[in-house]
Amino acid sequence: MLSGLVENMGLLCSRNRRYSAADSEENAQTAEIERRIEQETKAEKHIQKLLLLGAGESGKSTIFKQARHTNGSPFVKVIVLYADNADILYDGSKELAQNETDSTAYVLSSEHKDIGEKLSEIGGRLDYPRLTKELAQEIETLWKDPAIQETCARGSELQLPDCAQYFMENLHRLSDTNYIPTKEDVLYSRVRTTGVVEIQFSPVGEHKKSGEVYRLFDVGGQRNERRKWIHLFEGVTAVIFCAAISEYDQTLFEDEQKNRMMETKELFDWVLKQPCFEKTSFMLFLNKFDIFEKKVLKVPLNVCEWFKDYQPGSTGKQEIEHAYEYVKKKFEELYFQSTAPDRVDRVFKIYRTTALDQKLVKKTFKLVDETLRRRNLFEAGLL
Amino acid sequence: MASCAVEGGCPTDYIAISVATLFFILLLSRFILPFIVHKVPHTKGSGFWIPVIHIFASFNLLLSLVMSVNFLKFKRRHWWQSCYMWAAWVEGPLGFGLLLSCRIAQAFQLYYIFVRRRLPPIRSYIFLPLILLPWIAGAAFIHMKKPLNHRCHTGAPWIIPIVCLHALYVAILVGFLGAIRHIEFRFDELKDLLRGIVVSASSIGVWVFAYILNEIHDEISWLQVVSRFLLLVTASVLVLVFFSISSSEPLLSQISLKKREPKEFETMGQALGIPDSGLLLQREPTPVIDPNEPLDKLLLDKRFRQSFMAFADSCLAGESVHFYDEVHEHEKIPVDDHVRRIYMARHIIEKYIVAGASMEVNISHRTRQEILTTPDLAHPDLFNNAINELMQLLKMNLAKDYWSSMFFIKFREEASTRSTSHDLEHMTGWNFSPRLSSVHCFDDPFHHEQFSKCSSHNSHDPDP
């Protein structure tokens, strides 16, 4: 019986030893995990969350692409939807030929009509055939047709993307067998974003490795995408709101009865009033200034209901500046109208941008970075 | 006896009132219990409001009868006790008229969707007030002309137009039902409406008879009492039987208090009995997934679709893939089965296309309008344009990221272990048990993790 007892005790001891060995290993593992969690939480606190918000086609994804490029990531491959633009123009010309009283201007010659039909058929497919030289030549002849040019002049009534002209003019380069997309091609290409994309980067300024980490989120701007935004609203350092100021005479992609500028106005108002954004800084990017410059001299600002009390002053460069200042003032008024008195001390800055201009966007990012840094120091009580 | 016939308060009156109350409570319980017992979240829109309005109208009808036909003994002192209030306004536009208008609105919806195969041009919240207008006009007319005597009865010349108005609405309802009777509805819509019509038609017969007698022969007291009693009781029976939850909202109407059919479907595809809906068949051979194939071909494979859907959901872009999935189900329905196609198409439109829908997809205005104003809801190519647009969207946004995501890696692993376990099963028969291969491994439901875990565990095993 004693031997049985000793045996059992032996087993007990050895089991205990195994347990204590396992124990200390477990302890070490737990400590390691805890240390890692602590590190990450500390790192999380330093991560500044930036959101790119705005209506559809306001330039958010282009800004996002710029940020990705500036901070080291290579550009992604671009697929040129060459048939889409031609498709929109061709359909547009057909519609205008039907509906307009003076329809002769929009009627194509018959061989051009054939090209148009062929492109419409390609545009309806899911997979486009490769862009060959012959196809590029055909598209170019279609593009040069005066009816198509007339239709393009009324592009604001169709859902014609702003990049249509750029790609039409560069068709020869695009159809090259050894075509490699340039930075410009990537920035110009227009693709609707759906869902949420994010990128994390550390801005390298004059002070290298300042420890600031930014996480930038890009979202879709159409109405159905906006219900997903709410998932991102917690703990945001700054909202970069993109407003395309050249869109005052265009209607929405998802609702052709609504003016884009009015939609942007309502959306900006809604975003400002969100309870999560009490302490969030707002950077308003008044985007697409290059298109605005050209458009404001041809199409008066008053076509948009929000700008109906605009008085055009002069012409040329002065007029552009005057119009821009007016739009900026309107947005400032909207900001102060929508901001409750207890939120007045949050940071609000307006920047004039052209998302395609790399230097300008780089400079703007630097300014945004400085502003946020200054705000952080202020919050920490050091300023 | 004579006084109670004139002023109200006879024992039969009290019996009639209690019968009416009982029936009304039964009605309420029929409406509320499915929500409590089966814990169904209540739907928004006309599927919910029409039954609510129905109950409100039933209550008004019963109350108006009680108040205007001298059941209770009370003096009419205040304006809100006046005859015109109850007999004209509450009984007409807010009672019987509203009751029948609800059902007519439902039948109208069904008619438009299944016979004309279009979405109804007028929303029900506009249609309902419109068809209520004749009742409101009639009540106003009576109010102005004031033909009622102090006992709230009218003479013969007024009875005829009043009864005609009641009968007209019943006839309209019967007419709509006649137009849809040949359609074989899947979710008992017709049966419910028909049952309501049959019982209510018979009780309306009795009811009208009693009403007429009540109105015309004021003098005969026992006739008064009997006809009053009959009036209230048949009205109570009418409101109870006339009620039905079904309003062509199948996923809700499936839930009934009958305990023998506790069917609950998760997807519309299952409810309609579409084959393969939501099931992952074990015996399907796994094709090799080649990233160079176009996305729309790859999505035809169910497992790949599930994996891609999970990935899209994690990027908050899932609604496009869910839409693709349900349109895929929709395409499985045979072309000549119009009714099922229309149910599925309506479900897809409610869930994905309507502005503000719960999983609204990112399509252009033009495509959306084409779907919403289509002349044929059963058309097989209804959603083609939308699918094209969304495929482009998915290709541009998600396709590249998917191949380097965790979801694809997991999918590949699952596919390879499925095929290896498939092969192993064939090799060793049913004696194969993965747990026999390594004793130290802990129980792991996922076969593919077992091998890797075991190998690492063996290398670290601190054997004393």
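1. A definition is needed before the helices are discussed: an axis is a line fitted to C-alpha atoms, for helices over the stretch in contact, and angles run from 0 to 180 degrees between N-to-C directions. The model under discussion is predicted.

2. In chain B, helix α13(B) covers residues 302-314 and helix α14(B) covers residues 319-332; their axes come within 9 Å and cross at roughly 150 degrees. Because angles over 145 degrees count as roughly antiparallel, α13(B) is roughly antiparallel to α14(B).

3. Which residues make this contact? On the side of α13(B) they are Lys302(B), Arg305(B), Phe308(B), Met309(B), Ala312(B) and Asp313(B). On the side of α14(B) they are Val321(B), His322(B), Tyr324(B), Asp325(B), His328(B) and Glu329(B).

4. Chain A contains an open sheet of six strands, ordered β2-β3-β1-β4-β5-β6, with mixed pairing. At its edges lie β2(A), residues 196-201, and β6(A), residues 348-352, each of which pairs on one side only. On average, neighbouring strands of the sheet are turned by 20 degrees against each other, direction ignored.

5. The sheet also carries a helix: α11(A), residues 260-272, packs on it and touches β1(A), β4(A), β5(A) and β6(A). The direction of α11(A) makes about 170 degrees with that of β4(A).

Conventions
Residues numbered from 1 in each chain as written. Chains lettered and ligands numbered in written order. Predicted model: local features only at pLDDT ≥ 70, side-chain atom pairs only at ≥ 80, totals over all residues. Heavy atoms only, no water. Pairing = 2+ DSSP bridges. Helix = DSSP H or I, 4+ residues; strand = E, 2+ residues; numbered from the N terminus. Contact = heavy atoms within 4.5 Å. Parallel < 35°, antiparallel > 145°, perpendicular 65-115°, else oblique.
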